Amino acid sequence: MRGTLMGQRYVDDILRPHVGPFLNGLPGAIFQQGNARPHTARVAQDFLRHFQTLPSPACSPDLSPVEHM
């Protein structure tokens, strides 16, 4: 992906066309993302309110073992 990923682009290019349909096909699925700015943008949070999400605490080593290897 070229350019800067901002909240609206995250929704338009990733969440709406890919994540939304995927989650709709998995009843009971829980979506988790990190705390990157596009993830926490109001437009992204508004889109995700239609889905069950798991909160991601900032800088949690328990949720991201790859970053701490």
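**Close-up views of a predicted model**

Phe 51 is buried, with a relative accessible area of 17%. The model shown in these views is predicted.

View 1. Phe 51 counts as buried because its 17% relative accessible area falls under the 20% cut-off.

**View 2. The aromatic pair Phe 47 and Phe 51.** A pair of aromatic rings is described by the distance of the centres and the angle of the planes. The count of aromatic pairs here is 1. Phe 47 and Phe 51 form this pair, with ring centres 5.7 Å apart and 40° between the planes. The arrangement is tilted. Phe 47 is buried too, at 14% relative accessible area.

**View 3. The largest nonpolar core.** This core has 10 residues, including Phe 47 and Phe 51. Also among them are Tyr 10, Val 11, Leu 15, Val 19 and Leu 23. Helix 1 (7-24) and helix 3 (42-48) each supply at least two core residues. Helix 1 gives the most, with 5 residues.

**View 4. Gln 33, a buried residue in a loop.** Gln 33 sits in the loop between helix 1 and helix 2 (37-40). Its relative accessibility is 14%, so Gln 33 counts as buried. Which side chain makes a polar contact with the side chain of Gln 33? That of Tyr 10, at 2.4 Å. A polar atom of the Gln 33 side chain also lies 3.2 Å from the backbone oxygen of His 39. Not counting residues up to four places away in sequence, Gln 33 touches Tyr 10, His 39, Gln 45, Leu 48 and Ser 56.

Note on methods: Residues numbered from 1 in each chain as written. Predicted model: local features only at pLDDT ≥ 70, side-chain atom pairs only at ≥ 80, totals over all residues. Heavy atoms only, no water. Core = buried A, V, L, I, M, F, W, Y, C linked by side-chain atoms within 4.5 Å. Buried < 20%, exposed > 50% of the residue type's maximum accessible area, 1.4 Å probe, protein only. Helix = DSSP H or I, 4+ residues; strand = E, 2+ residues; numbered from the N terminus. Polar contact = N/O pair within 3.5 Å; in protein donor to acceptor, adjacent residues only side chain to side chain. Contact = heavy atoms within 4.5 Å. Phe/Tyr/Trp six-rings, centres within 6.5 Å; stacked < 30°, edge-to-face > 60°.
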